[in-house]
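The following exercises ask the reader to work through a protein model step by step. Each task is followed by its worked solution.

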Amino acid sequence: MTLPRPGARHDILLARRNIKMARSPHAYVRGNTAQYYEWLDAVPDHVLPEGPPIWICGDCHIGNLGPVASANGRVKMQIRDFDQTVIGNPAHDLIRLALSLATVARNSSLPGVVSVHMLEHMMGGYERALHRGAGPDLPKPLLVERLVAGAVQRSWRELARERIADERPGIPLGSNFWPLSKTERRAIEQLFAAPELQALVTRLKSRENDASVEVLDAAYWVKGCSSLGLNRYAVLVGVGGDEQCLIDVKEAVLAAAPRYADAVMPRDNAKRVAEGARRLAPALGKRMLATRLLQRGVFIRELRPQDLKLDIERFNIKQAERTAHYLAYVVGRAHARQMDRAGREAWRLELARDRSKSLDTPAWLWASVVQLLAAHEGAYLEHCRRHAPR
């Protein structure tokens with residue numbers, strides 16, 4: 001295949017994103033964060049509860065949760081994407097997760113009553129996390145347990161086959177990896193010669209602090225919808241002469257997610273992402289570094305074989321309820337670790353209001369999901385009319 005020059009990337013990526021978003025309503029909801037933020041901006045004041053000012057994911061859909069490995073190798077279910085992280089209203093994460101779950105339920109042709117019960121289970125899991133704080137993890141539903149069990153067993157060989165299709169020291173160019181410009185290649189080599197980058201690479205897996213770090217290969221990384229137009233690179237690094245690791249380098253840009261007006265956050269977007277990650281998902285945040293590349297802020301992490309996204313396109317009734325409960329518990333723990341006991345209890349009581357005798361889901365959450373589902377369904381069909389391949 002003919003590989004695009006660096007200057008021709010954007011149009012090709014835009015066409016790919018449009019086709020990917022046309023595959024299903026769930027794919028469309030995942031890829032179209034702009035519509036969600038526009039809806040949030042239009043919501044009148046005091047319609048949604050105002051939670052405590054904490055770091056939130058900002059784009060808390062199912063695919064942005066999954067197993068991640070800590071620096072010492074332990075695997076935990078946590079939030080795993082922080083492009084949109086801000087200090088904001090935790091209710092926004094709940095609505096985004098609820099919309100994602102409800103879209104999968106619709107994608108699975110489940111009756112509407114399942115969505116009703118699923119959101120009730122979701123709120124139960126989130127409130128349970130607020131009550132328990134940073135307590136022990138819940139038993140995982142089978143759908144999640146299988147993913148985590150597989151993640152724990154994954155090796156570098158499997159990561160290499162999945163991400164770069166080859167364990168040999170090189171990144172094969174093709175549909176997923178495109179060639180760099182000379183300027184990009186030179187800048188990456190200079191970046192990895194810096195002491196802070198060498199420290200990031202060597203502190204994982206008990207590597208020697210003075211182990212040599214060498215860039216073996218690098219390429220532009222063709223990734224998901226949220227990366228459109230951003231600089232994203234895969235860098236294959238040799239450590240100590242006999243080990244390789246794969247490094248993800250991603251540009252950070254201004255978050256579109258609504259934030260609290262008086263929130264104090266790093267002005268540098270890469271530092272904002274790294275700080276949000278440390279607050280929401282310590283296992284991943286401690287493995288990240290914010291720096292600059294080609295005069296743009298970037299955040300960097302080593303990809304571990306255990307780092308996987310939760311990719312759910314369909315589930316049955318039992319899976320829907322149990323998965324919703326557990327994933328909301330994961331999000332709740334990420335929020336709860338930023339609050340003291342009094343703050344957690346106050347937020348839990350606020351969430352318990354505005355419930356009817358016939359529906360255990362808060363009215364504001366149910367109304368939000370119904371409105372968003374209707375708006376996204378119409379927009380999805382229009383998107384398919386314009387972009388789906390015939």
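Two strands pair if DSSP finds at least two bridges between them. The model examined here is predicted.

**Exercise 1. Determine which strands pair with β7, and in which direction they run.**

Solution. Begin with strand β6, residues 213-221: 7 bridges join β6 to β7, and the two run antiparallel. Within this pairing, valine 213 has valine 239 of β7 as its bridge partner. Next, take strand β8, residues 243-251, which 8 bridges join to β7, again in an antiparallel arrangement. Here valine 235 stands opposite isoleucine 247 of β8. With at least two bridges required for a pair, β7 is paired with β6 and with β8. Finally, consider the connection: β7 and β8 form a hairpin with 3 residues between them. In that turn, glycine 240 has a positive phi of about 65°.

**Exercise 2. Characterise the aromatic pair of tyrosine 220 and tyrosine 233.**

Solution. A search of the whole structure gives 5 aromatic pairs. In the pair of tyrosine 220 and tyrosine 233, the centres are 6.1 Å apart and the planes make an angle of 85°, an edge-to-face geometry. Tyrosine 220 belongs to strand β6 and tyrosine 233 to strand β7, 13 residues apart, and the pair links distant parts of the chain. Tyrosine 220 has 3% relative accessibility and therefore counts as buried. Tyrosine 233 is likewise buried, its relative accessible area being 1%. Ring pairs also bring in Trp178, which forms a cluster with Tyr220 and Tyr233.

**Exercise 3. Compare the span of helix α14 with its expected value, and identify what covers its buried residues.**

Solution. Helix α14, residues 363-387, contains 25 residues. From its first C-alpha to its last it reaches 35 Å, close to the 36 Å expected at 1.5 Å a residue. Its buried residues are Trp364, Leu365, Ser368, Val369, Leu372, His376, Tyr380, His383 and Cys384. The elements that cover them include α1 (9-21), α2 (25-31), α3 (33-42), α4 (90-107), α5 (112-132) and α13 (341-352).

**Exercise 4. Describe the surroundings of arginine 30.**

Solution. Arginine 30 is located in helix α2. Its relative accessible area is 18%, so it counts as buried. Leaving aside neighbours within four places in sequence, arginine 30 is in contact with His61, Gly63, Arg96, Lys309, Asp311 and Glu313.

**Exercise 5. Which residues touch the most other members of the largest nonpolar core?**

Solution. The largest nonpolar core has 74 residues, of which Met122 and Phe315 touch the most other members. Apart from neighbours within four places in sequence, the contacts of phenylalanine 315 are Leu101, Val104, Ala105, Ser108, Leu110, Met118, Leu143 and Ala320. A second, separate core comprises 27 residues, among them Leu191, Val239, Cys245 and Ile300.

Definitions and conventions. Residues are numbered from 1 along each chain as its sequence is written. This is a predicted model: local features need pLDDT of at least 70, side-chain atom pairs count only at pLDDT 80 or more; totals for chains, interfaces and linings use all residues. Side-chain values use heavy atoms; hydrogens and water are left out. Helices (H or I, at least four residues) and strands (E, at least two) are DSSP runs, numbered from the N terminus. The expected span of a helix is 1.5 Å times one less than its number of residues. Buried means under 20% relative accessible area, exposed over 50%, partly exposed in between (1.4 Å probe, protein chains only). Contact means heavy atoms within 4.5 Å. A nonpolar core is a set of buried Ala, Val, Leu, Ile, Met, Phe, Trp, Tyr and Cys residues joined through side-chain atoms within 4.5 Å. Rings of Phe, Tyr and Trp (its six-membered ring) pair if their centres lie within 6.5 Å; planes under 30 degrees apart count as stacked, over 60 as edge-to-face and the rest as tilted.
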